[in-house]
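Q: I have a structure open and would like to learn how to read its features one at a time. Could we go through it together?

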Amino acid sequence: MSDRIPIFRSLAMIEERIQEKLNVEMLAEGIHFSRYHYQRMFREVVGDSVMAYVTRRKLALAAEELARTDHTVLEVALKYGYDSHEGFTRSFKAYLGVTPTEFRKYHPSICFPGVRKEKSAMLYSKTADEIIRKLNGLIVEAGETAAYIRKNEEKGGDGAAAYRTFWEYVAGRVDNLAEQLKESLGRVTAIAERPDEISARFFIIKAVEDAAFEWALMAFQTGLMTARALPEHREAFRPLCYQCNTLAQHARLGAEEIGEFFGELTELIFQDMRQNAQIKIQHAADVGKEAAQKLSVPAYPYAYIADEIQEIAVSLSSMPLEELTVYLLEEYRIRLDNVAFAADMDILRAPSHKQLFENISNFRQQLDEVITFFESLPEETVRTSSQEEAETEPVRSVEKKYADLAFQEKILLFYLKGEIEKLGKANLISDRKAAFDEICGKLKDVVNLANAAGAAEEERNAGRVPVLLQEVYHKMTEEAERLGAYGGAIQYIAEEVKRPLKYFPE
């Protein structure tokens with residue numbers, strides 16, 4: 001603890017002089033440490049490098065000032081030691097995931113990456129902060145997209161004004177999904193500060209993936225609506241569609257990155273939990289061995305108790321972590337309870353020997369703590385990453401690939417049927433109706449094949465699925481051309497139908 005006190009003084013010094021241009025030498029000299037010793041101790045106590053911590057504190061205080069004052073970005077930048085607007089903006093965006101201007105506009109919806117002094121929390125927070133930055137960026141981009149749509153929704157003349165309600169609906173939907181992402185930020189912070197909240201990661205990932213899917217669907221619907229419009233309106237709405245598509249693309253990439261970040265965060269936390277489990281187990285075993293040694297004195301008739309305690313302690317410490325279960329730990333406790341009962345009987349016969357048995361209760365207490373700790377662990381904590389990958393990853397990745405394709409094509413089949421209904425009998429003579437029935441049938445076959453696909457069937461389906469998709473695309477394109485001005489929506493759906501082909505080898 002004595003080594004930590006100078007570092008705590010250094011933290012106070014940083015807060016007092018945060019608006020100055022601080023450096024490692026200056027701070028080390030302030031507590032009479034060498035540069036090397038200061039940096040090593042600082043990282044050990046705080047969990048981060050000296051200048052990384054200083055930068056994070058400067059930016060956190062600058063962000064608070066941007067939110068509560070009318071000072072310009074440049075004024076705030078200069079106050080906290082930055083020489084230019086550009087340099088401050090680069091650092092600020094790297095820290096929060098948004099620019100100072102965006103933060104000032106959207107700060108009620110944005111979460112701060114934390115500056116924590118506990119080493120283990122810092123370990124988790126570095127990855128959690130990446131997730132927070134990514135979510136902040138998506139929330140701000142959603143707000144900017146909604147504002148852009150509202151500002152430009154009437155472009156295209158009086159005829160385009162009929163679409164105003166549609167574009168306002170799209171803007172409102174973008175805002176609603178941004179609010180859902182905002183709610184996820186609190187869960188990310190909870191995970192970083194409380195590792196036992198790790199189960200919340202599934203809800204966060206689902207929220208982000210749901211938002212990405214909703215924005216992708218929204219982008220598709222805006223494109224479909226535009227494809228139905230007159231040519232002049234299509235051109236007017238093209239920038240709006242581009243904004244929606246860009247947001248959807250960034251959300252999809254963001255969801256993938258957040259999933260990867262969570263994989264890293266989960267493994268970091270699981271590693272730490274496994275390490276803590278090992279420490280608790282070893283400590284309990286050491287207490288047990290000490291209890292056994294105390295009872296092993298040849299002059300006393302307690303070797304049978306000492307042997308049993310020693311066997312429990314050795315088994316506990318030598319058992320591989322991945323094989324240790326709550327059930328097995330409870331078996332150890334039952335055996336130890338039996339030992340304790342026998343000891344109590346011996347104490348009744350020889351009260352003067354009571355102190356020889358005192359460590360048995362300590363062993364029981366430590367074993368109870370191990371059991372409680374194990375009961376709080378997620379099931380996958382004690383499994384190794386290599387086990388999980390070897391057992392699940394190949395099959396899961398193939399199945400997910402086909403499951404995603406099936407889901408996408410099923411949605412497109414739904415919209416295709418809707419467009420066929422909208423064309424009506426006047427535009428669908430008998431041979432054209434039969435052609436669309438055939439297209440729908442083939443698209444349904446794609447869905448069924450993809451749903452049935454698995455690792456064992458990948459090779460066969462990898463040949464059939466893309467062939468069917470190509471056939472559907474070409475037939476839809478032919479029918480769209482025959483329909484002329486009425487075929488825009490059909491062609492738009494056809495382009496979406498063939499999009500998954502890029503994931504299949506030639």
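A: Gladly. Let us begin with a definition: a salt bridge is a side-chain nitrogen of Lys or Arg within 4 Å of a carboxyl oxygen of Asp or Glu. Keep in mind that this is a predicted model. In it, E25 and R35 have side chains that meet in a salt bridge, with an N to O distance of 2.0 Å. The pair links distant parts of the chain, 10 residues apart, with E25 in helix α2 and R35 in helix α3.

Q: What lies in the loop between α2 and α3?

A: H32 is located there, between α2 (24-30) and α3 (35-46). The backbone of H32 deserves a look: its phi is near 60°, a positive value in a residue other than glycine. H32 counts as exposed because its relative accessibility is 72%, and the cut-off for exposed is over 50%.

Q: How many salt bridges does a search of the whole structure find?

A: The search finds 25 salt bridges. Let us take another of them: the side chains of E168 and R150 meet with an N to O distance of 3.2 Å. E168 lies in helix α9 and R150 in helix α8 (residues 119-152), so this pair ties together parts that are 18 residues apart in sequence. Both ends fall in the middle class of accessibility: E168 is partly exposed at 35%, and R150 is partly exposed at 33%.

Q: Which residues are linked with R150 and E168 in a network?

A: D175 is linked with them, so look for three names when you trace this network of salt bridges: R150, E168 and D175.

Q: Where do D368 and R333 lie, and what does their pair tie together?

A: First the contact itself: D368 forms a salt bridge with R333, and their closest N and O atoms are 2.8 Å apart. D368 is in helix α14 (residues 358-376) and R333 is in helix α13, so the pair ties together parts that are 35 residues apart in sequence. D368 is partly exposed, with a relative accessible area of 31%, and R333 is partly exposed with 27%.

Q: Is R173 buried or exposed?

A: R173 has a relative accessible area of 17%, so R173 is buried; the cut-off for buried is under 20%. R173 sits in helix α9 (residues 164-193). Leaving aside residues up to four places away in sequence, R173 touches E214, L217 and Q221.

Q: How should I read the second largest pocket, and which residues lie nearest its centre?

A: Start with volume, then turn to the lining. The second largest pocket has a volume of about 260 Å³. Its lining has 14 residues, and A227, R228, A485, Y486 and G488 lie nearest the centre. Four helices each supply at least two residues of that lining: α10 (200-228), α11 (231-294), α15 (385-427) and α18 (488-498).

Q: Where is K433 found, and how far apart in space are K433 and I420?

A: K433 is found in helix α16 (residues 430-452). From K433 to I420 is 8.6 Å, C-alpha to C-alpha, and the two are 13 residues apart in sequence. K433 is partly exposed, with a relative accessible area of 38%.

Q: Finally, what does the secondary structure of the protein come to?

A: It comes to 18 helices and zero strands. Of the 506 residues of the protein, 46% count as buried. The accessible surface comes to about 26200 Å², and 53% of that belongs to carbon and sulfur atoms. As for contacts between residues at least 6 apart in sequence, 73% join residues at least 24 apart.

Technical notes:
Residues numbered from 1 in each chain as written. Predicted model: local features only at pLDDT ≥ 70, side-chain atom pairs only at ≥ 80, totals over all residues. Heavy atoms only, no water. Buried < 20%, exposed > 50% of the residue type's maximum accessible area, 1.4 Å probe, protein only. Contact = heavy atoms within 4.5 Å. 1 Å grid on protein atoms, 1.4 Å probe; cavity = no way out; pocket = protein on both sides within 12 Å on 5 of 7 lines; lining within 4 Å. Points joined across faces, edges and corners; volume = space filled by probe spheres on them. Areas by Shrake-Rupley, 256 points an atom, 1.4 Å probe, with all protein chains shown as cover.
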